[in-house]
Amino acid sequence: MLVLRSGLTRALASRTLAPQVCSSFATGPRQYDGTFYEFRTYYLKPSKMNAFMENLKKTIHLRTAHSELVGFWSVEFGGRMNKVFHIWKYDNFAHRAEVRKALANCKEWQEQSIIPNLAHIDKQETEITYLIPWSKLEKPPKEGVYELAVFQMKPGGPALWGDAFKRAINAHVNLGYTKVVGVFHTEYGELNRVHVLWWNESADSRAAGRHKSHEDPRVVAAVRESVNYLVSQQNMLLIPTSFSPLK
């Protein structure tokens, strides 16, 4: 009986400890909100950029009738030219599946936009992202330009780098050097990737704010802490299209 009790005690103890062991692998706050954002990047043929944009300007209403367009931009600087970037919001994956099915059956959308524009597109990329728990989607005060900064972080998720990264972002925003629209974490695509969508009045005001922030010891200290978790980074300067909700 003593042996049985000892074995039972060990079994119960192992069951009690199991959740604690598993919890050590958590990479950040649990995602309770099903809302996600699809990032789409289209690489266009150089001679077809204008034709693509003119067509979409006339037909985008057929697409936005099915789901929310957050923003649509042309890429001015950063990486390959003749590129557009757009963000779509979905309630959950079932919602996206319903939208894709509806679009496939929408004769007007297929004939007026998809078929003619396919000939203009050279390459397409997509990522599924969530807003980081401490971030919310903000609307800029007026029209301007946007910067998408992409940070490839060390594996481990927000549990590893979240606090330091938040301090670096807040240092720029709270001191008035720029404004943040949203901070997103990739769920499907290149993992351990964070996208920060910034807003500035112009490319020159963005440059001025960046130069001043580099001389601010408070920003420098916060950034130095966060780069300990950084693998690489890149950015793009984005110009909103006439039909983009975010201007």
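Predicted model: local features only at pLDDT ≥ 70, side-chain atom pairs only at ≥ 80, totals over all residues.
Helix H2, which spans residues 49-64, packs against helix H4, formed by residues 107-118. The angle between the two helices is about 155 degrees, and their axes lie 10 Å apart. Because angles over 145 degrees count as roughly antiparallel, H2 and H4 are therefore assigned to that class. Their crossing is left-handed. On the H2 side, the contact is made by Ala-51, Phe-52, Asn-55, Leu-56, Thr-59, Leu-62 and Arg-63. These residues meet Glu-108, Trp-109, Gln-112, Ser-113, Pro-116 and Asn-117 of H4. By class, the residues of this contact comprise six nonpolar, five polar and two charged.

The largest pocket of the model has a volume of about 570 Å³. Its lining consists of 26 residues. Nearest the centre of the pocket lie Phe-151, His-172, Arg-210, Val-223 and Gln-233. Both strands and helices contribute to the lining: at least two residues each are supplied by strands E5 (145-153), E7 (193-200) and E8 (230-240), and likewise by helices H5 (158-174), H6 (203-214) and H7 (217-226). Helix H6 provides the largest share, with five residues. In terms of residue class, 13 nonpolar residues line the pocket, together with 10 polar and three charged residues.

Definitions and conventions
Residues numbered from 1 in each chain as written. Heavy atoms only, no water. Axes fitted to C-alpha atoms, helices over the stretch in contact; angles between N-to-C directions. Helix = DSSP H or I, 4+ residues; strand = E, 2+ residues; numbered from the N terminus. Parallel < 35°, antiparallel > 145°, perpendicular 65-115°, else oblique. Left-handed = near helix turned anticlockwise from the far one by under 90°. Contact = heavy atoms within 4.5 Å. Nonpolar A, V, L, I, M, F, W, Y, C, P; charged D, E, K, R; others polar. 1 Å grid on protein atoms, 1.4 Å probe; cavity = no way out; pocket = protein on both sides within 12 Å on 5 of 7 lines; lining within 4 Å. Points joined across faces, edges and corners; volume = space filled by probe spheres on them.
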